[in-house]
Amino acid sequence: MSGTRVTAGRTTAAAEGDVVVLLIGMRVNHFWAVHQWVPVFFAMLRMVRDLEKEPGRGLLGRILLTASPRTYYVVQYWESKEKLYAYASAPDMFHHKAWGIINRKERAGKLRQHVGIWHETYVVPEGSYESIYADMPPFGLAAAYGELPVEKRGRRGADRFAYRAARAGVEAEAEAGGGAG
């Protein structure tokens, strides 16, 4: 990541509304079973590459991370859970093919527990997330949604949690008023 332009000072993510976060990864259970876990690792990379080629699918940003020498995962930020579900079940995408292979191996009793796979999905409502970055290139939520000077949302974490987009305020007023009638 050297060469990535650093934003001086403090910034925050420009996200508005709900944020959809997918953590998806693998765990190497047996290092010696390279022929089992290397294809899973490369499949993860291929899925991300395919999504980056088709921005309309809904992936906004991603970060490849490692939790240990055994565990690798991708943090992904999505436009909506609907777009995530649509991608996951799209027959024209590699994800669908990869799950077909896993399901066939499982039914045939050919999974040997050499590699584990997992995912967790979160839909985080507006007002339930905040971020701050100091002298950083765009990262994480800010890389996915853009960044703003921290003053736009508040210098304190509590202020950033309290932020609501203008449209959210209008919707809340409409709900409180029960609509015109």
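Select Val28 and Val115: Val28 stands opposite Val115 in strand S5. This is a predicted model, where local features need pLDDT of at least 70, side-chain atom pairs count only at pLDDT 80 or more, and totals for chains, interfaces and linings use all residues. Residues are numbered from 1 along each chain as its sequence is written, and side-chain values use heavy atoms, leaving out hydrogens and water.

Now show strand S2, residues 19-28. Strands (E, at least two residues) and helices (H or I, at least four) are DSSP runs, numbered from the N terminus. S2 and S5 (residues 115-124) run antiparallel, joined by 10 bridges. Strands pair if DSSP finds at least two bridges between them.

Find Gly25, which stands opposite Tyr73 in S4. Eight of the 10 residues of S2 are buried (under 20% relative accessible area, 1.4 Å probe, protein chains only).

Next, pick Thr11 in strand S1, residues 7-13. Thr11 is buried, at 4% relative accessible area. The Thr11 side chain makes a polar contact with the Glu147 side chain at 3.4 Å (N or O atoms within 3.5 Å, one able to donate a hydrogen and the other to accept it; residues adjacent in sequence count only if both atoms are side-chain atoms).

Finish with helices H1 (residues 34-53) and H3 (residues 94-107): their axes, come within 9 Å, cross at roughly 155 degrees. That makes H1 roughly antiparallel to H3 (angles over 145 degrees, from 0 to 180 between N-to-C directions, with axes fitted to C-alpha atoms over the stretch in contact).

Definitions and conventions: Buried means under 20% relative accessible area, exposed over 50%, partly exposed in between (1.4 Å probe, protein chains only). Angles under 35 degrees count as roughly parallel, over 145 as roughly antiparallel, 65 to 115 as roughly perpendicular and the rest as oblique.
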